[in-house]
Amino acid sequence: GYINKSVPKHVEILLVMGNCQYYKMDSIQDYAIVNEMVNLAKRVAPGYQGLINAVLKKTFTETFRLSQTEDKVLDLSINTSTPKWITSLLVSQYGFSTSEKLLNHNQTEAPLYLRVNSVKATEFDILNDYPVLKIDNDLIGQQSFLKSEALSSGLVVVQDKTSQKICTLFDLIGSERILDACSAPGTKTSQLATMVPSGEVVAVELHEHRAKLVSDLMKRLSIENVTTVVSDICDINSDEQFDAILCDVPCSGLGVLRRKPDLKYRMSSIDLDALQV
């Protein structure tokens, strides 16, 4: 390495930030990256401007290199920016080859899958009025779509294709009452509600602030056949019957790291153990 002594954590962060910009953000000029990091150092790490300037200029002369050690799991962890405990867990359960494909896939950009809110719009309207493509029967918003008012006005919902698929597995013909047992933030709740416009969806959520997310989404989508209940689903003691029940219980989050990359830095193995209590 270029540093033979330990440095404060915030200095290390500045060096990492600079290298991330250089190797991952091609549009930024080298001199601009160094200048910005040095200016930041003046504010948060006085006395380290020279070190940061020198180290960044030296590292920028190197080509991007993948980690190659005798520890394949460690290399996979480093090369996919995944904590080693998660990498080791996946390798132990799925094998190295499958884990490698999965973690590399997590490093790619996920499409912005959309679902049309049939209460307010049609697929024809969305495809003609907004930068949205239909690919393999999926609606995918383009980069400029997020600048439109389609989301805020409730014409569409951002919802992953696999999430949408879950609701379509229900046979809801003739259904009048549906229970969504763990409803927040409400995307599947709203989909079920549009599938039974003359029926009722009871949306149960443990935490009040998350239940509000469900209620707010229904208002934005102009969906009126959803009743939100703040409660632990295990505590509900009722003789009411339902034609269908969706129970999307809390999970580890390991399957959605592609869309929530920050999650892998905030979670621990203890969090997974807690799900089994």
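Colleague: Does Asn137 count as buried or exposed?

Modeller: This is a predicted model, in which local features need pLDDT of at least 70, side-chain atom pairs count only at pLDDT 80 or more, and totals for chains, interfaces and linings use all residues. Residues are numbered from 1 along each chain as its sequence is written, and side-chain values use heavy atoms, with hydrogens and water left out. Buried means under 20% relative accessible area, exposed over 50% and partly exposed in between, with a 1.4 Å probe and protein chains only. The relative accessibility of Asn137 is 62%, and Asn137 therefore counts as exposed.

Colleague: What is the phi of Asn137?

Modeller: Helices (H or I, at least four residues) and strands (E, at least two) are DSSP runs numbered from the N terminus. Asn137 belongs to the loop between strand S2 (132-135) and strand S3 (138-141). Although Asn137 is not a glycine, its phi is positive, at about 70 degrees.

Colleague: Which residues is Thr82 in contact with, leaving aside its neighbours within four places in sequence?

Modeller: Thr82 is placed in the loop between H4 and helix H5 (84-94). Thr82 counts as buried, because its relative accessibility is 4%. Contact means heavy atoms within 4.5 Å. With the neighbours within four places in sequence left aside, the contacts of Thr82 are Ser77, Thr87, Leu103 and Lys264.

Colleague: Which residues are closest to the centre of the second largest pocket?

Modeller: A pocket is an open set of points, on a 1 Å grid over the protein atoms alone, where a 1.4 Å probe fits and protein lies on both sides within 12 Å along at least five of seven lines; lining residues have an atom within 4 Å of a point. The second largest pocket holds about 1200 Å³ of space, a volume being the space filled by probe spheres set on points joined across faces, edges and corners. Its lining consists of 32 residues, and the closest to its centre are Val16, Asn19, Cys20, Tyr23 and Phe64.

Colleague: Which helix gives the most to the lining of that pocket?

Modeller: At least two lining residues come from each of helix H1 (9-24), helix H3 (49-59), helix H4 (72-79) and helix H11 (263-266). The greatest contribution, nine residues, is made by H1.

Colleague: Which strands and helix do the buried residues of H10 pack against?

Modeller: Helix H10 (residues 208-221) buries Ala211, Val214, Leu217, Met218 and Leu221. Seen down the axis of H10, these residues fall within an arc of 115 degrees, so they line one face. The face turned away carries the exposed Glu208, His209, Lys212 and Lys219. The buried residues of H10 pack against strand S4 (156-158), H9, strand S6 (200-205) and strand S7 (226-230).

Colleague: What distance separates the C-alpha atoms of Leu221 and Gly154?

Modeller: Leu221 lies in helix H10 and is buried, because its relative accessible area is 1%. Beyond its neighbours within four places in sequence, Leu221 has contacts that include Asn117, Val119, Gly154 and Ser190. Leu221 and Gly154 are 67 residues apart along the chain, and their C-alpha atoms are separated by 4.6 Å.

Colleague: Is the peptide bond from Ala184 to Pro185 cis or trans?

Modeller: Pro185 lies in the loop between strand S5 (177-180) and helix H9 (187-195). For the peptide bond from Ala184 to Pro185, omega is near 0 degrees, and the bond is cis.

Definitions and conventions: The arc is that of the directions from the helix axis to the C-beta atoms.
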